[in-house]
Amino acid sequence: MDPKTKAVTGSSTRTKKRHGQLFIFITTVLKILFISLLLVSFAAAGILGGLIFGYIKTTTPIKPEQLDLKNITSFVYDSKGNEIMQLKGEQNRILVEHDSIPDNLRNALISIEDKRFYDHKGIDLIRISSAVFNFLKPGGNMHGGSTITQQLVKNITGDTRRTLKRKVQEQYMAIQLEKHLSKEKILDLYMNLIYMGGNYYGVETASQVYFGKSVKDLTLAQCASLAGITNLPGIYAPVSEKNIKKNIERQKNILFEMKRSGSITEQQYQQALKEDLKFVASDKNKIKTVKTQSFFVDQVIIDVKKDLIASGMSPQLADKTIYSNGIKIYSTMDPDIQKGMDEVFTNDKYFPIIKRNLQHPQAAMVIMDPSTGQVKALYGGYGQKTGDLILNRATQIQRQPGSTFKPIADYAPAIDMKLITAASVFDDAPSYLNPASKSPYPTNYTKGYYSGLTTIHTALYQSINVVAAKTWLKLGSSLSLKYLARNGINLNKENDGNLSIAMGGLHEGVNTLKMAAAYVPFVNDGVYRDPITYTKVLDKDGNVLLEKKSKSTMVYDNEGTAFIMTRMMQDVCRIGTASTKGLGLIQKGKIATAGKTGTTSDNRDKWFVGYTPYYVGATWYGYDKNSKLSPEEYNQALIIWHEVMEKAHANLKPKEFKQSTAVIKRTVCRYSGKTPSDLCARDPRGNAVIEEYFLPGTEPKSGDTCDVHVTKQVCKDSKDGFGRNNLFGPGCPQSSLIESVFVQRKVPYNKARAADPYPSDWKYEAPVSYCTIHGGPPSNSTTNEPVNTTDTNSGENNTTDNTNTTNNTDTTTDTINAIEQNQPQQ
Ligand SMILES: [Zn+2]
Ligand SMILES: [Zn+2]
């Protein structure tokens, strides 16, 4: 033997020996592993058994009525019971009866999706074990294993989560379904519900979309092609060159399987392979609808669908129920109010084309009945509606609400928390409430103008930002957000915990429907009502499928808060920002109105949310591109609100807002918010004594008398730079002495920057300099000049704030904290 060979042989023998030992070793390890696994499995089986039993027990059974396949027209009614819309299945789902489905299509689907469909009882044990086997193979996954029955269950429940629980429940429901339905019925349901790409469900829809003809006219080759789509419509739906290639590959595979199972002959197979598949061009794939639905009906369908899904239906089944099950939907739409709104929104007069913007302005409006929460009318854009389920600007876009947010985010919560009253006085003066900015913040809508000592009441109807911001700082972000959430507006602190929210500067914005609903508590005793668009849905036999009641939430803890807010907002319409040309009034004021205007920075969005004792209406006006409005459009939201609301109230009797018994009326001084002294009536601007309503306990206490009005002895011959008479000095003749009434801020206003203006009431502030004509000040006087330091104090006249002292412990950020500490504490 060649030594070389021997050596090689020897080495090979050793290798074999080593391999043999290794083999025994691995086998032993594997055996031990297997036995351990088995033991663990037995233990796990007990737990798993319990788990599975629990899953099965909690399975929601499929109701037989969910499976009715007839194509029956559904109806939508208005609030008076008139039929306003017929809903037919022709939308994205055309149902097909058993007899119209070709056997070739049935066989094609079975051959590719579930070969043993006719033999199993809902689940296919052979498939499950092969799926498990595949899973155990290296790189294997748990794909496949679902029978047609299971896929049907998935389509009915809409539950596609990949969890053990879902899988167990699906298998259980599949077995149950097989007990109650024939194989043919299961297959029919499956074919009518499967997703076929795009927005299309069911084989008839898909056949019309992809082949331009009914499923009953499909050739064998086309049946096989159609059957191939459902596995992965994103890949196999013939909508692109790439997909068509994939679809044809799969179609050939299906034809082969059909031949192998004997459902077609060799001759049929060969003939089908030769057929040239022609697909309809994808731009023609749209199915026409019969009549355009109104924005209201769109919203009703969206809401009903959402609630059907919440009741346990899949989205597909909910659609089928709405369009094909002959249901009756009772909407809340008031036909007369909606008609009036339609007339305004389709009238070009209210939507002027401004050349600069080169596009039509848009608007949206919602009218609600505050006592029921029912939406009475709704419109989602300019002009005649062009299609179904198109963009609804009343519910589907969010815009910055601007000052319409002040009542709900600032004033009402702060009044309700007894942090302010309608008579609380704040100094509307240049303020630096945003520490990051070197410019005054916030500025008022009338830039550079500040009105000085102002009550909350006046600040609200004149829409003064500085006072809104100071109120919000007193309130703090948590309380503001808490009240907003009670009003159906859920925002989070991270995005909307900063001061800009006080002026309606939100992270994302809010829609018109939510704004209407958020004002409901003001005219509904402080109670919010969830807006609803329908009251009930009946099935074709008259059984109640859905019943809808508006949920109510107590927003304001004090009964009088809503009343006080309404009284202040009545002045918005009478003498405030909505008083232009009487636009804030209905029936020239015979029916009481209250509301709030809103404008976003740069005039991109305009709002008016206003209400009467009958209805709440919210209107938004702006551009889809959020372009700047032109000055001639600034009143457009209010004009549209007015026109629609006049029509809505045309046949209603004059009515006032309900008087609250939970408030106290007091006379107060408008510059101190306190009980008037005899000086208040002598204010140089006129009598400063006003009447105001208070929550019990927040009214000025006896002895809490105005300390803002003061008298000063001045010289009539000498004036300062602000036009005020200078103080009477020792050199002034007695004949020049007059005694005048002035205001004297408890917290002096000091300009932070030379460029800052004085508030407009500065000329009524008590003078500090002495007569310069008859000689200087008394010898003990220290100054003859107005104080002009650079103290950045925001100037809030806190001592005039006569509310209960609830210290604001809720501060949002460190910066705001710093501001608050800067403010004088009571
Ligand atoms: Zn006074
Ligand atoms: Zn003098």
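**Entry 1**

I looked up C706 first, and at 8% relative accessibility C706 counts as buried, where buried means under 20% relative accessible area, exposed over 50% and partly exposed in between, with a 1.4 Å probe and protein chains only. I note that this is a predicted model, in which local features need pLDDT of at least 70 and side-chain atom pairs count only at pLDDT 80 or more, while totals for chains, interfaces and linings use all residues. Residues are numbered from 1 along each chain as its sequence is written, chains are lettered from A and ligands numbered from 1 in the order in which they are written, and side-chain values use heavy atoms, with hydrogens and water left out.

I then listed the donors of the zinc ion (ligand 1), which are C669 (SG), C680 (SG), C706 (SG) and H709 (ND1), at 2.1 to 2.2 Å; donors are N, O and S atoms within 2.8 Å of the metal (3.2 Å for Na, K and Ca), and water is not among the atoms, so sites may look incomplete. The angles among the 4 donor atoms run from 103 to 118°, and the site is tetrahedral, a label given to four donors if all angles lie between 85 and 135 degrees. For reference, the ideal angle for four tetrahedral donors is 109.5 degrees. Along the chain, the donors of the zinc ion (ligand 1) follow the spacing C-x10-C-x25-C-x2-H. C680 sits in the loop between β15 (664-669) and β16 (689-694), and C706 in the loop between β16 and β17 (709-719), so the pair ties together parts that are 26 residues apart in sequence. Helices (H or I, at least four residues) and strands (E, at least two) are DSSP runs, numbered from the N terminus. C680, at 0% relative accessibility, also counts as buried.

**Entry 1: V710**

I placed V710 in strand β17, and at 15% relative accessibility V710 counts as buried. Not counting residues up to four places away in sequence, V710 touches L679, S740, V741, F742, Q744 and A766, where contact means heavy atoms within 4.5 Å. V710 and S740 are 30 residues apart in sequence, and their C-alpha atoms are 8.3 Å apart in space.

**Entry 2: helices**

I read helix α4 (residues 148-157) as mostly covered, since 8 of its 10 residues are buried. What covers the buried residues of α4 includes α2 (103-113), α5 (164-180), α6 (183-193) and α13 (315-324).

I also noted that helix α15 (residues 406-416) and helix α20 (residues 512-523) pack at an angle of about 25°, with their axes 10 Å apart. In this contact P407, I408 and A412 of α15 meet M515, A518, Y519 and F522 of α20.

**Entry 3: the whole chain**

Notes. Axes fitted to C-alpha atoms, helices over the stretch in contact; angles between N-to-C directions. Tetrahedral: all angles 85-135°; square planar, octahedral: opposite > 155°, others 65-115°.
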